[in-house]
Structure formats: structure tokens, C-alpha cells
Amino acid sequence: MNWIPAFVAIPLGAAFLIPLIEHWIKGSSDFLTNAVTAFLMGLTLSFIHQAAQTQVYFVGGWEPAEGIPFGIALVVDGLSVLMLLVVNSIAFFATLYSVKYMARYTDKGKFFTLFMLMLAGMNGVVIAGDLFNMFVFLEITAIASYALVAFGIGSEELEASFKYQVLGGTASALVLFGIAIFYMMTKTLNFADASRVIAATGVTPALLFVSVLFLVGFGLKSALMPFHAWLPDAHPSAPAPISAMLSGVVIKVLGVYTLVRIFFNVIGIGTIPALKTVLLSLGVISMVAGAFLALGQQDMKRLLAYSSISQVGYIIFAFGLGTELGILGGLFHLMNHSVLKSLLFLNSGAVVYETESRDMEKLGGLMHKMPVTGTTSMIASLSMSGLPPLGGFFSKLIIIWASIDAGYPLLGAVAVIASIVTLAYYFKLQKEVFLGKLADAFQKAKEAPVLMCIPMICLAIISVGLGLLLLDPVREMVLTPAVHVIQGGVDYARMVLGG
Amino acid sequence: MTVFILSVILFLIGLYGVLVKRNLIKIALGFMIMEYAINLLFVLIGYRAGGTAPIFTQDVSGQIFVDPLPQALVLTAIVIGLGTTALLVSFAVRIYQKYESFDIRKIRELRG
Amino acid sequence: MNPILFSIGLPVVLGCLCWMVSGRNRWLRESLTIAGSLALFVIGIRFFISIPAPVLWGQVTLFSLDALGSMMLLACGFFGFLIALYSIPVMRDAEMRSAYYSAFLWTLGAAFGVILSNHLLLLLFFWGMLAVTLYMLILCGKSQTASESARKALIIVGGSDGILLLGIFCIYALTSTFEMHLIRLPLDGGLAILGFVCLGIAAFAKAGAIPFHTWIPDMASSAPVPGTALMPASLDKLLGIYLLMRMATRLFILTPVFNTALLILGTVTILAAVMRALVQHDLKRLLAYHAVSQVGYMIVGIGTGNPIGFAGALFHMLNNTIYKTGLFLAGGAVESQAGTSDLDKLGGIGRLMPWTFVTFLVSAFAISGVPPMNGFVSKWIIYQGLFEMNRSGNSLWIIWLAAAMFGSGLTLASFMKLTHAIFLGTPGRDIQPGRVKEIGLLARIPMIVLAVLSIGFGIFAYGGPMRHLILPSIGEVDYPGIWSPGYATLMVLLGLVAGLLIYGIGRSNQNLREQDSFIGGEKLPVENRVTGTGFYETIQSLPGLRFFYRKAETRSFDIYVQGSRLVAAITRVLRKSHTGVLTFYLVWAIAGLVLLLVWLMGR
């Protein structure tokens, strides 16, 4: 049995069944959701050992004829496995956390439905082998996350979600526009097939136009400056597990992954000369401006949201270097950031759960009251700021190494300066939330419930262990296949279609 | 070519609406115009002069078909567009209940 | 197991054990710390006697040790052990003890790692770990400002780790190797200079030289004293100067421009920090400014670029660590017994804490460069390095020499004030014989050992520490002017004896009458006593200096504060532009779209 479609089918099915069963058996949705996400995480883990080879599943058995694909292809290669791993494991911890956290909101069944839709969409984006299916799954994710951002139905949530919808919708329109032109140009939507066509025709004005549309469309989804403005509103407004998903995974799947897939594997990063420079500049602008903006925040979750902009900037910067080292650094930082940012948002959720406040001016001294939250958040902050011996140190190291190695020492210096600002804002967060004097209002605060602590502890342990990913045997298994896929560029076509 | 340019102009009209109008509902409308412009463009890309509906019968030799793929895709895109529009409009209504205004410039509690 | 790996792994493992020991098991945690630091001291001695084989990984030398490194290790182990002894009574009632002892052991492990690393990336790794443990150590402080000082130290020291990273890869880009023993880079290109500056910033930030010194005074006033004694007073100096030495003698080939730059920074550090020290009102802050000032001498020594200067810098580094740690320990003893470190409240403690007083006095003499203490000898050697520059035709030497000697004089002046304010004069309101008493034996031992070392290293300088500790890593040097400490010591002792005799004769005179201070027949109230803090207040209103002091008060020279202001200004503009109006955001996106269209399609 081929399990590839299960990544989409299972959460999609669960999205329909969960509210129904919840309707008959109260409280079943907690169990069902976690069972589904746990199963998906296990399924992804079982894919790791075969990450090195590209697996293609043709839906409905429509095999390609004479090397030209007809049907819908689902492709799982090294990059997809890595993304699936990130998506499904973070999703598992988020659902585990939601059990207790979402109990304060009404209608958990609907929440889990939307969550499952979002998960199905993301898995779909990652395994889709053609542009249009990618677009459809992208929209499923986006619509689910619009609704999830506004799940609290307060005025701020609605406002944030509306802005998110308009900017996200613009992005979708531009992407669809791009797809239309792309189809006109290549007469195909399958990545592999299109890649061959583009390789044959070379650079045309239409291709450049499509590239710009995709850059802006997916740039909006991944919140690169100057396309970022929705993110600092939307991510903090969502309930904490959703913030964790949005910042940890969604922007990376909808933005970074899609950009990488299209520009590296379909169009080919070397095809258009200015493309690397564009990615580099978008990355640098985002990482610097995002860091500065994060430093100025008083709202804990908003600080984390701006930090996401900055960190995604690092990732895009690393990919923009285009060297093997840069790609490795980008992927590794992507994994690190997913784990750490989800952890930090879960921490912020625990603080909000106990104190009903996310204003850093009012908070303070919670370390003694909430040791688990405080310690895990400290670990995440240390790692995120790139201090050894944690994982973030190595991703910073690789990215800066790559930038000097690729001949951009000054951009490397800019990245270092941004990393110092990163240090400054993460330890502003630590100082103002967990250290210092405990405000009188929070004397009664206590540690978050166990079910919320477990995911935080697990993520903290994973974040400490992520540095091990760079050790040779593990790297060969997880990171290297993904690096090879990206580095291989348009060789992707041969891997998918053979020949 | 003219029809392509016309649909791009339609797209720009939608964009104008989204950018310039203050009313949430009008923004939603501009949005829909943008989507329809793209759908139109997509269908037109599949058009072949003198082509017929792509229905395979016994003898298809010599007939020109319009490209069926864009039509299938546009159907999906319309459904997606329906979903987003419904969500957008319902949110506009909820926002009106909270802010008592449809003016996008007044809905700015989140900033900085 | 390889001894080198063992020496790094042991404290790390013990630190983790300390973390896990629950709050009740105080003795277990303390004995783990003592045992761990003692073991490291023993390992340091063993490595010093016989240098262990390097650790290889394939063809790459990961860890190795040479004469310079083994001397550093010995010093690290020694000071680690002494401060561990001292910590036990002082940290007994602090909060977060388990975190303190873990951080303590991890610090030692990371310091060993830095010195043993031959691979630049490993050095970077341990360097960054030290920033983290520094952060933890400061957080163990009880004061309200601890979290802010900790953040400041982490941003400066941890940030310097990022800059070090940049520098290391610049070197790698030029030499294609990370192994320090293979690198000898001429400073002849942009990338090489960038690398040099980056490494220099890291060394300066760690050692606490101007302009990266500002975390030290803040840390000293809010961190626990043994933590301050461990990091900025001893290990950070050792490691910062170690890196600078490595840069000057191995990694880079310095040109005169860089030597001059080092000399300028060194003399500015000496003078500016000591001037600030003169006017401090807090015991720990004052000592911290001296900790900064003394680094200046070492940098000047390295800046001379000749072996005598190097030897002087290393010897001064060692001596400074001895007396500065002694001063911090004595100061900490005073604070823990008197309950305050505010000079306005202290006074007259000399009688109550005689051991502390004597050890403090010895260290104070040493830091002020009074012969025959160790501080004098090493400064003397550094001055000789400056003379040596004259011989090689560099005519600016006289400026550096004058500045360094002037700084030395100011140091003496500020320690006169400090000694008076703490130990002499009328006791402050809260200083009463019953409440303030000598500190426990365990804390006294390190102080006495350090004082004895200060004297011993001074008297037997050439035959002892110079020959066995310093010169093995420098090679033979020939001194232009030899100072014979034995003879001088004799003369100093004779002078002291003569002075005592005269004092004794005066006291025995029956016509002498002793009275408490009084004004107009009334006994002087405690509020009006002479505390000593006012000694040099007038210096702040001197015409030329007034400007600088006022600027220093507003923190204009604090690179952290200035950096924060700059960042805050940029942030304000950026935040203003996020108005919350959706239309505006859309315009950005569309502008970006147009820009990209022009960029990609315009060619």
C-alpha cells in the first residue's frame, strides 16, 4: 500500500469526522485529533529512511506516457520528507497543547476541524507535484488559518484576520495569475514537465513576469519585507497553538517551501541571473528590519511574530546564497526555527493562560512561579539567539559561513549585527516576562497544566537535540537528501519522471 | 491579445477598488473583481479559435478543441474564490458589529 | 579516556549533576563543586608539568596545548579552585544556588575548552558557552538590577561571539583552515583586516577593554561577588588576553598601524577607566573600573610588539588576576559582613576584619604598582617593552609611557580613597563591633593565599614566575634595565621599620593626648564623618575633565547604551510606518511588486 496520499486523506477525512463524532460523544475530538496527528508524525518518521529516493504517486493510476504526465502526481523527495517531518511533528505538539488550552474557548470540535483542514492543506502543498494542486492546497491552508486566527472573535482577532485575508487573498490572486501565465507559456502545470519546457525555451519575458508574480505572491505568504505587514497582526491574535503552527510551520510551507520548490526545482535558480540577488535582498531586508521591529514591541506575542519575519529573512537569505552550504544552513535554520518558535509561542500561551496578559511592561518575575515555562522559554531564547551549545548556534554559524564562502562578507556582517539585535530582543523578553520583580497582580500565578507542559518540555528537548542533526550519520539521513534536491535544481524533472 | 489586455485591465480595476476604497464591503467587491479577472484570463488562455467543447466522441480527427484543463482549473478556482469571499464578507459584518464602522482607516487597533 | 577531553568533560558533567541535585542537598552540591575545581587544578598542574598529546580527528588537530596554554590552564585551575572555596560560605544564603554552582563548573569547563582548542570553531563554541554561563552567574545575584545587567553582559559578550564567528570565517576564507597552528596571516587585505578587527572586538569585549567594558561595572554591582571574581576579574581577563596574544603572536602578522591602534586603545583604557574609578561611590563598581583599567596595561604590552612587551603583558595578566581577585574577594567579604557595598556607609572596618584589611592592603599596593609587589614588576617590564620600541626607532613611545605611568599614579590615589573609606576613618552608622566580624576561614584562605602570592611574585619575580611561567611561551628576552627585587625589598622593609620606630617613639611620648574628633567642643556626629568618598570629587569640576565626566554620567561612552539609542531611533521610525491601515500595507506590497517588475524585466 502506498501511504503518500494518506498525508492529505487522513487529516481531510478527520476534518469531517471529528465534529460529527464530537456531536455524539462529547470530548472525543481531543482524543481523535491527537491520534491523527500522532499517526501522521509516525508515518512521517517511517518515511525518513527512504528520504534519499524520490517517490512519485500518480493519483488514479494515470501513469505518464512517453515521459509526459497526464494525471495528478504526488511527489515525496528529500525536501518533502523534511517539510512533512516538521509540519506533522509540530502539529502533534500543537494539538496536544490545544487539549487543555482550547478548553477555554467554545466549540473545540470546530477548532479541530479547522486545524485538520490546515494540516491537510500543508501536507498537500508539500507533496503536490504540480502547480495547480499546490495552489488548491495552499488555499485550503490559508482559508483554515484565516478562520483560526479569528477563532477568539474579539475585535482585534477580527481585524487581524481581515487584514490577513485581504493580503493573503491578494497573494493568492497573484499566484493564480502567475499560474495562468505559466500555463500559457509551458502548456503544462506539472513541475517536472514544466521544468523541462523551461530548460528548452530559456528566459522569456513571460517567464520573468511569472517569476515576479510568484515572488510577490509567495513573498506575501512567507511575510518577507515589504510583504510582511499582515503577520505581526495575525500571528499574535490567534490562539497560542495556532500561533505556534502559523509561525512555526505555515509561513514556511506556504512561503519558503513554495519559493524554493518553484525557483530552484522548476525554473532553476541559475536561469534568471538577478534571482539570487532578489532573494538575498529580500532576506537581508526582512532579517534586519524584522529584528529592529521586534525589539520595539511591548506585546510578547507581537515580538515573537516580528522575530518570525526576521528569522524567515535568515532562511531566505541562506537559500539566496545558492551554495550547498547556504542551502544546508537555510534548511537547518528552518527546522530550528520551526521548533523554537512553536515552543516560544506555546510558552507565551502558557503565560497568557495563567496571567491573562501578554503586555511585557506588566509581566515579570514569572520564572519562580512557572519554572517549566520559564526554563523552556529560556532554552528557546538562548538557542534562537545563536548561543552554543544549542542548535541555533549551528544554524547561525552555517549561514554566516555560507555568506562569506559565497563571497558576501559584508552581508555576513549584516547578519551578525541582526543576530546581536536578536539577542537583545529575546533577552528583553526573558527579562521582562520571566526575570526581574514579580508584579503583585500575578502573585497567584502557577505553573501551566501538565498537558500544556508536556509539549513544551518535548519541544525544548528536541531543540537541544537538533544540533545533533549536523552529525554525519543523521545529516546524511535527514538534511542531505533535501539539500541534494534543492542543489540538484532542475535535475528534479529527471528524478520525478525518470529518463 | 486584446482580450488578455482587457482582462488585465479588469484585474487592475479590482486592484484599484481594493487599494482606494475605504468600505470593507467595497474592498471585498474589488477583491472579487480581481479574482474573476484572473479566472477569465485563465479560461481565455485555453481558448482556440473555432474550437468546440472538448468532448471525445468516436471520430475526433480534424476537430479543434478548446483546452479543457483551464476550464477545470477555473471551476476549482471559482469554488475557492467563493469560500474566501464568503469568509471575507462575514468578517466584514462581524467587524461592523465590533467597530461600528465599515471604514478600513478606522479599523486600526493593531499597529506598530 | 584522553586527558584533554576528560578535563573539559568532567566539569560539564559535574555541573549537570549539580543542576540535578535537589535544593536540600547543599553539602553534596558544594562538595561536587570543590571536588571538580580541585580536580581541574590538579589537571592544570599535570598538564603544566607534561604537556599532553593533541587530540586529532583524522588529520585535523582539534585540541592541543603549548607553553602559553599550559600556563593559562594552570592559572584557570588555580583561580577556579580558590574562588570555589570562597563561594561556599559567601553563597550559602543566596537564592538559585544550584544554578550558581552549575554555572561555575560549566564556566571552568568552557574556559579549559577555549584554551585547549586548536580548532577555531571549537574555540568559538566554548567562547559562546562562556557568555551563557556568565549570564547565568549574573542572574544568581540578588539585586533588582541583576536581570538587566545580565542582559547587557550577554548582549556585549554573546554579541562578540557572533563577531568572532564572522572573523573566524574571514580567516578561513583566506587560509582554508581552522587550525590555529597553521595560520599566520599578513594584514594586507580587506578580509584579513576585517578578520583581525572581529577577533580583536571579541578579545576586547571579553577582557573588558574600552569601548566594550561597560558590562563589567554593571555586572560587578549586581552579580554575586564570587561570580564577579570568577569571570571579569580572573577568567575573562585570562581568556581575552590569551586570544589577543594568540592573534599577535600566531594568527596575524601585525603591522605598525595595528600596534599603534592597540597602544592607543590600551592607554585610553588605562586612563579613562581609572578616572571613572576615582569618583565611584560603590566598592564593587570602583573595583570593576580598575579591572577595566588594568587591561589597558596588558594591551599596551601586547601593542609594543616586542617580546619584552609580550612577557610584561602576560606577567601583568597573571599578577592582575592575583591581586584583582584578591581585591574582589576582600571587597565581597566586607560586603557580606557589613551588608552594604556603599562607600558612604562603610568605614572603620579595619579593626573588625583585620585579615581582610591586611590582604586588601597588600592587593591594593600591588595594583597601584608599589614596589616590591608583583604589580610593580610587571608594569616595569611593560615599560621596558616601551623603551624597547624606542630602540627600534618608534618615537611615540614616550607618550604611551607617560600615560601608563600617570594611570598608575591615579590608581594609587583611588586606592588611598578606597582603603580609607572602607577600613579606616570613623565607622558608619551600621558598622558596629558586634554585628560586623571577620569572615569565615574557608573564605579567608583564598584571600591570604592571593596576598602571599602578590608579595611572592613581586620579590621572586625573575627567578620564579617569569622564568617558569612566562618565558617558556615567549622565548628568551633580554631586559634593558633589570630591577633587583631582593635588594629593593630590603630597602622597603628598612623604610617601614624606620617609619614604625618613629611612630612608636611618637606614641610613647607622654605629652600626647588622644581625642575623638570634635567641632566647637561638640562630638562630631556620625553623619559628618570623613568617609573618603569625597576625596576626588573636585576632579569632576576641572575645566577640561568636566565635559567628559558629565558625558560619562549620561553614559555617552557606553557603547551598549549608545547602540540601544541608535536601535531605538530606527525602531521608532519603523514602528511609525506600521500604521495599522490596511490600504497602506497593500501599497507596500504593490510597490514591491512594481519594484521587482522593474528590476527583473527592466534589463
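Predicted model: local features only at pLDDT ≥ 70, side-chain atom pairs only at ≥ 80, totals over all residues.
The secondary structure of chain C consists of 21 helices and six strands.

The C-alpha trace of chain C spans about 105 × 65 × 60 Å along its principal axes. Of the 603 residues in chain C, 54% are buried.

## Chain A: contacts and fold

Chain A has 20 helices and two strands. For chain A the radius of gyration is 21 Å, close to the 23 Å from the globule rule for 499 residues, so this chain is as compact as a globular protein of its length. Taken along the principal axes, the C-alpha atoms of chain A fill a box of roughly 70 × 60 × 45 Å.

Buried residues account for 69% of the 499 residues of chain A. Contacts in chain A can be sorted by sequence separation too. Among those between residues at least 6 apart, 80% join residues at least 24 apart.

## Where chain C meets chain A

This contact involves 43 residues from chain C and 50 residues from chain A. On the chain C side, five elements each supply at least two residues: helix H5 (120-139), helix H6 (146-175), helix H7 (190-207), helix H20 (559-577) and helix H21 (582-601). H6(C) provides the largest share, with 14 residues.

What classes of residue make up the side of chain C that touches chain A? That side has 30 nonpolar residues, nine polar residues and four charged residues.

## Where chain B meets chain A

Chain B also touches chain A. Here, 26 residues come from chain B and 25 residues from chain A. Helix H2 (24-45) and helix H3 (68-99) of chain B each supply at least two residues of the side that touches chain A.

Which helix gives the most to the side of chain B that touches chain A? H3(B) does, with 14 residues. By class, the side of chain B that touches chain A has 19 nonpolar, three polar and four charged residues.

Key
Residues numbered from 1 in each chain as written. Chains lettered and ligands numbered in written order. Contact = placed C-beta atoms within 7 Å. Helix = DSSP H or I, 4+ residues; strand = E, 2+ residues; numbered from the N terminus. Nonpolar A, V, L, I, M, F, W, Y, C, P; charged D, E, K, R; others polar. Rg over C-alpha atoms; globule rule 2.2 N^0.38 Å. Buried ≥ 20, exposed ≤ 12 C-beta atoms within 10 Å, placed from the backbone.
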